[in-house]
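Biologist: I have a structure open and I'd like to walk through it. Can you help me read it?

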Amino acid sequence: MSIKEPQSGHGGPHAAGDGSVAARDIAVAITGDEARVIMVPAEVAQLVQEVSAPPGLANLPGSASGLFVGRDEETKRLRQMLAREGEAAVTQVSSSVRAIHGLGGIGKSTLALHYAHRYRTSYTVVWWINAASAEQIVVDLASLARSLCQDWAASADMEQRAAWAMLWLQWHAGWLLVFDNVENPDVLRHYFGTLPGGHHLATSRRATGWHAIAPTMPLGLLDAAAAADLLCAIAFDGQLPTPTQRHQAEQLAGDLGYLPLALEQAGAYLHQTGTDIDTYRHVLGLMLAEGADGISAERTIARIWDQTLVVIAGRDPLAVTLLDTMAWTAPDDIPRSLLAPLAPDALALGQALGTLHAYNMISFTDDRHSVIVHRLVQAVLRHRTVTEAGEHAPGRHEAEWVVNQAIPDRGDTPTQQNTKWERLLPHIFALVASVPYGSPASIDTANLYHGAAEYLRGQGRDAHTIPLRASVLAQAEEILGDTHPETLTSRDSLACAYMAAANLGQAIPLCEVTLAQRERVLGDTHPDTLESRNTLAWACMAAGDLERAISLCEVTLAQREQILGDTHPDTLTSRNNLGLTYVGAGKLERAIPLYEATLAQRERVLGDTHPDTLNTRSTLANAYSAAGKLERAIPLYKTALAQYKEVLGDTHPTTLLGRSDLASAYVDAGDLKRGIPLYETAFAQWERVLGDTHPDTLNTRNGLASAYVIAGDLERGIPLYKTTLAQRERTLGDTHPDTLNTRNGLAWAYISAGDLERGIPLCETTLAQHEQTLGDTHPDTLNTRNGLAWAYITAGNLKQGIPLCETTLAQHEQTLGDTHPDTLNTRDTLAYAYVTAKNLERAVPLCEVTLAQRKRVLGDTHPQTLESYSTLAYAYRVAGNLEQAIPLHEATLAQCERVLSDTHPNTLNSRNGLAWVHLAAGNLERAIHLYEVTLVQYGQVLSDTHPEIRNGHANLAHARRAAQAVQQQSTATAATTPTPQQPSTANRPARKPQ
């Protein structure tokens, strides 16, 4: 269970930052992983502030027995945890003296229900949520909106209602959300992060996975006395048992392992049949010896039912049919209407359900429109009915049939269809997760799975369709054969679902098989074959196999141009995808013209504000930025952002991504005064819309941390990197590429702060993880190795830095080619290292080659080209060739000021280098002036404690001492200027990891 102390007052979304508009539509993420973001119109969002909860609003479920005994200490402890922490999870004890093997029955939900009833008046709203899946959480959040704002909710679809409920919970405080039966604790991260104004209580069978989410309270068996109390209360209907009956009840409770569910159902049988306890024990043959393996919950329940079901079948055979059917559905919210086709009329249905309820086999929702079955009941029923392959499993056929009967009709409105699908999805997923051995889906059931998967794909939730797609594929392979066109389509759909879930290890082999089969069956240029080739290219690009991705994209584009024409939307998509692969491979000279042509065609064919046009405009801006053409990238980013806001709204995720891209471009251009505030605005909006740990939020936080470090604001940059790293480790894992990227960034921040003792070991750790996870020659591994080499060089450890850099350069040349930007970056690092080691015979030619290659590949004014100019000037001045060093420094500084801005770190670095060569040449007035200007500008963009500030003061003091020495010397000695010492700052700041 998780709880946060309710806050006083109101919170809620707010607009902040340049260009944000509070009155526009608001984007709300209603799930965490694979977040579904719903746009809520501004006028509807305004209702959340105006609507208050009616007194005592709650949707608490009923319980089978309606009784609660024992657990007083647990209830008190739970209250204390909620008041103190705001979040808590009630879990099953993972081990105990009497181990419970199997799932459920321990009383977790009963305890949560008791807590909610006992402290109901302490909360403004108490809302019970079935948290077995992300889908069901959305359904129950939507029901909250219906209870709070009935008039509006009546015309809204499921997701809109859930989004409105999320906004209401953000604006209002003092509520309790009970997340029952949490299968995956990570699902709750999003809700705990975005809903801080109330208490969160969760129940789960899982005892692990909660340490970073909520404090836990393990729940064990009832004690002997409480177990006997519960059994007697049900069996004797509240009457006081005789001493003999009490003793017999204690014995039976022990036989049943003190398991609450078993006690409730045994008590119900005793009450309904009037059987005495000793007879019941004898008939059941329970007398369970407590062996080394403890008591099995499933075995205990099954023994009880062997007798109970015989009695129920004798009274009402329909009740057994219904129970068998419900064994295969989701356990919660089973609508009566779903079961109705199994009964001759509503009266018979009601009587059968009443019989099951009397024996505590089911419970009802408050409105009695739906039925709840305990998960352990379902597990036992399914286990008892699993038979040999191909044989009929009782209730399975009926469950598939009734769900098929409930799918939306073609005549339903979109809202009606969405509502029906959302209510059916838990039952469909329950069916696909419980297929009996050797019994593939029937044609009708496969069509049901396909329809549900297509609905989810249309909702942007393709990653959730994997089990549905897999079942459809298995059925198609068995019925139609391995290469039938429909089988191939099913295989392609499954591959796309794996890609949506970022499971490339499963996606790529499926893509390869599907492409080979379509080429053989349909031909090389069939539209479906082209689509498979495009899908495989996309998967290869995601996996970093850029050469293969480019080859596939080029073939697909050529074939689509030939078959579909030059301006067909699919052709334009292929052209855009090819541009993406070119950018990834560093082939910017190919990517940019391709993007420019694609943008012009999409503007003409689709219109200026079509989503595909906007996408191409953003990707062209990305290509310009990668090429260092920031003067072209930034205006394009601005245009794209303005159009995103106009078309999609200010807080739509695509708009937020556009804002982050523009912020990044400003930072790359050295315009930190615009870049950092825009990053801060984007981060605040990501956090509010998608939550604190969503991947896009973490990406923006990572970018903001980098911007702070570039600005020298290490006091904010390093903690932000640390926070992002901790969250990525927790949500993505220790070796996920994004986690490694943040760890590399933190190492770079430490090095920028001069903290080499922490920076270098972190670089070494990150490199080892890159090598282990991605391989020795993956581009990210090579960039990390180059970063470590740079760290060694910065620390003066040339013996390790130079060989590592030489190895990395050879691998870059072999893997990416001689002129890839990453290769050129490593070559420049090695050239700088040679200069530092005064190995000028190797340094100067390497500097000149690198500069020539960067000018040819990136252009004369690309920031990395300017770095090469600075490196070559540095080599000339170390060689004592001031006649070449000074003009080159002057030219580089002028270009930096024009291209990057007057206060960009590279500009300041270049000015600092020019000051040094003037000092070495005896131009002391010029050197002092440059040092003074540089120091003032450092103070404008860097924090007072940044190492560059300290170095600037040291360099200026050195120049002034030299000037004073010249003044104090005689005319004869003044003609020779003292040779200046190497300034305390390096030629350039530590390199930001790629």
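Predicted model: local features only at pLDDT ≥ 70, side-chain atom pairs only at ≥ 80, totals over all residues.

Modeller: Let's start with Asn181. Asn181 is buried, at 6% relative accessible area. Buried means under 20%, exposed over 50%, and partly exposed in between, with a 1.4 Å probe and protein chains only.

Biologist: Where is Asn181 in the fold?

Modeller: Asn181 sits in the loop between β7 (176-180) and α8 (189-194). Helices (H or I, at least four residues) and strands (E, at least two) are DSSP runs, numbered from the N terminus.

Biologist: And what is the phi of Asn181?

Modeller: Phi of Asn181 is near 60°, a positive value in a residue other than glycine. Most residues other than glycine have a negative phi.

Biologist: Which loop holds Arg368?

Modeller: Arg368 is in the loop between β12 (363-364) and β13 (370-372). Arg368 also has a positive phi, about 60°, and it is not a glycine.

Biologist: Is Arg368 buried or partly exposed?

Modeller: Arg368 is partly exposed, with 43% relative accessibility.

Biologist: Good. Big picture, then. How many helices and strands are there?

Modeller: The protein chain has 45 helices and 13 strands. Of its 994 residues, 55% are buried.

Biologist: What about the surface?

Modeller: The accessible surface of the protein chain is about 39400 Å². Carbon and sulfur atoms hold 51% of it. Those areas come from the Shrake-Rupley method with a 1.4 Å probe; for residues, only the protein chains shown count as cover.

Biologist: How many disulfides does the search find?

Modeller: Zero, across the whole structure. A disulfide is a pair of cysteine sulfur atoms within 2.5 Å.

Biologist: New topic: helix packing. How do α20 and α21 cross?

Modeller: Helix α20 (residues 443-458) and helix α21 (residues 466-480) have axes that come within 9 Å and cross at roughly 145°. Axes are lines fitted to C-alpha atoms, for helices over the stretch in contact, and angles run from 0 to 180 degrees between N-to-C directions.

Biologist: Which residues make the contact?

Modeller: From α20, they include Ile443, Tyr449 and Leu456; from α21, they include Leu468, Val472 and Gln475. Contact means heavy atoms within 4.5 Å.

Biologist: Where does Met158 lie?

Modeller: Met158 is in helix α7 (residues 158-171). Met158 is buried, at 4% relative accessible area. Leaving aside neighbours within four places in sequence, its contacts include Val138, Ala142 and Thr419.

Biologist: Last one. What does Gln559 touch, beyond its neighbours within four places in sequence?

Modeller: Gln559 is in contact with Asp524, Thr525, Leu530 and Arg533, leaving those neighbours aside. Gln559 lies in helix α25 (residues 546-564) and is buried, at 8% relative accessibility.

Definitions and conventions:
Residues numbered from 1 in each chain as written. Heavy atoms only, no water.
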